[in-house]
Amino acid sequence: MASIVEKYEQIFASDPKSRIFVELARALLERGDAARAIDVCQRGLEHHPSSILGRVIWGRALLESNDRKGALDQFEISIALDPGSPYAYNLVGEALLSKNMAKEALPVLARAAELQPADDRVRAWYEEAKRRVRGDDQPPARPKGSEEHTEPYRPLPFRALTPAPILED
């Protein structure tokens with residue numbers, strides 16, 4: 001039985017213009033094959049240069065390959081594609097924070113929190129980035145009797161960050 005990566009590779013090989021490159025690159029990255037994920041993203045983005053998720057996955061793969069500058073370039077491009085939307089800010093902020101790049105994540109997450117003031121998950125990431133930049137070992141103390149509880153940052157599985165498919169009536 002063929003693995004999901006093999007299935008994605010077959011689809012991508014038969015149609016290099018397919019958007020399946022995003023799923024293939026993500027699966028390769030999850031499997032630890034950053035070099036192949038980078039190659040897939042480069043080839044897929046030739047046909048879909050405005051794919052925010054494709055660029056973020058490429059950036060994640062570059063981070064795994066210790067190409068920090070290349071990753072930051074891809075993250076910057078992904079945000080520039082739609083600067084009014086929180087989608088890229090969320091993806092980039094989470095990627096940076098998960099790689100202990102709190103200083104770089106802070107302005108990204110500040111903008112994400114500004115665009116989505118009611119999103120507790122984004123607010124928690126932002127607070128965690130601020131805490132890490134300050135060098136605090138412990139989260140800030142809560143006032144006595146405070147009901148509010150914000151969990152410390154824990155990376156979500158990368159799949160949880162993809163948008164739901166759009167269903168047409």
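# Reading helices, burial and salt bridges

User: Where does S51 lie?

Analyst: S51 lies in the loop that joins helix 3 (34-47) to helix 4 (52-64). Keep in mind that this is a predicted model.

User: Which residues is S51 in contact with, leaving aside its neighbours within four places in sequence?

Analyst: There are contacts with R19, F21, V22, L45 and L81.

User: Next, helix packing. At what angle do the axes of helix 4 and helix 5 cross?

Analyst: Helix 5 covers residues 68-81. Its axis and that of helix 4 come within 8 Å, and they cross at roughly 165°.

User: Which residues of helix 4 and helix 5 meet?

Analyst: Helix 4 supplies I52, R55, V56, W58, G59, R60, L62 and L63. Helix 5 supplies R68, G70, A71, Q74, F75, I77, S78 and L81. By class, the residues of this contact divide into 9 nonpolar, 4 polar and 3 charged.

User: On to charges. How many salt bridges does a search of the whole structure find?

Analyst: First the general idea: side chains of opposite charge can pair when their charged atoms come close. For this structure, the search finds 13 salt bridges.

User: What is the N to O distance between R36 and E9?

Analyst: The side chains of R36 and E9 meet in a salt bridge at 1.6 Å, N to O. R36 belongs to helix 3 and E9 to helix 1 (residues 4-14), so the pair ties together parts that are 27 residues apart in sequence.

User: How exposed are R36 and E9?

Analyst: R36 is partly exposed at 32% relative accessibility. E9 is partly exposed too, with a relative accessible area of 24%.

User: Which residue forms a salt bridge with R121?

Analyst: The partner is D119, and the closest N and O atoms are 3.9 Å apart. The cut-off for a salt bridge is 4 Å. R121 counts as partly exposed, with 30% relative accessibility.

User: What about E127 and K130: what distance, N to O, goes with their salt bridge?

Analyst: Their side chains meet at 3.2 Å, N to O. Both residues sit in helix 8 (residues 120-134). They are 3 residues apart, so about one helical turn separates them. E127 is partly exposed at 33%, and K130 is partly exposed at 25%.

User: Which residues do salt bridges that share partners join into one network?

Analyst: Shared partners join E9, D33 and R36 into one network.

User: Last case. Where does A112 lie?

Analyst: A112 lies in helix 7 (residues 102-115). Its relative accessibility is 0%, so A112 counts as buried.

User: How far apart are A112 and N90 in sequence and in space?

Analyst: In sequence, A112 and N90 are 22 residues apart. In space, their C-alpha atoms are 6.1 Å apart.

User: Which residues does A112 touch, not counting those up to four places away in sequence?

Analyst: A112 touches Y89, N90 and V122.

Notes:
Residues are numbered from 1 along each chain as its sequence is written. This is a predicted model: local features need pLDDT of at least 70, side-chain atom pairs count only at pLDDT 80 or more; totals for chains, interfaces and linings use all residues. Side-chain values use heavy atoms; hydrogens and water are left out. Helices (H or I, at least four residues) and strands (E, at least two) are DSSP runs, numbered from the N terminus. Contact means heavy atoms within 4.5 Å. Axes are lines fitted to C-alpha atoms, for helices over the stretch in contact, and angles run from 0 to 180 degrees between N-to-C directions. Ala, Val, Leu, Ile, Met, Phe, Trp, Tyr, Cys and Pro count as nonpolar, Asp, Glu, Lys and Arg as charged, and the others, Gly among them, as polar. Buried means under 20% relative accessible area, exposed over 50%, partly exposed in between (1.4 Å probe, protein chains only).
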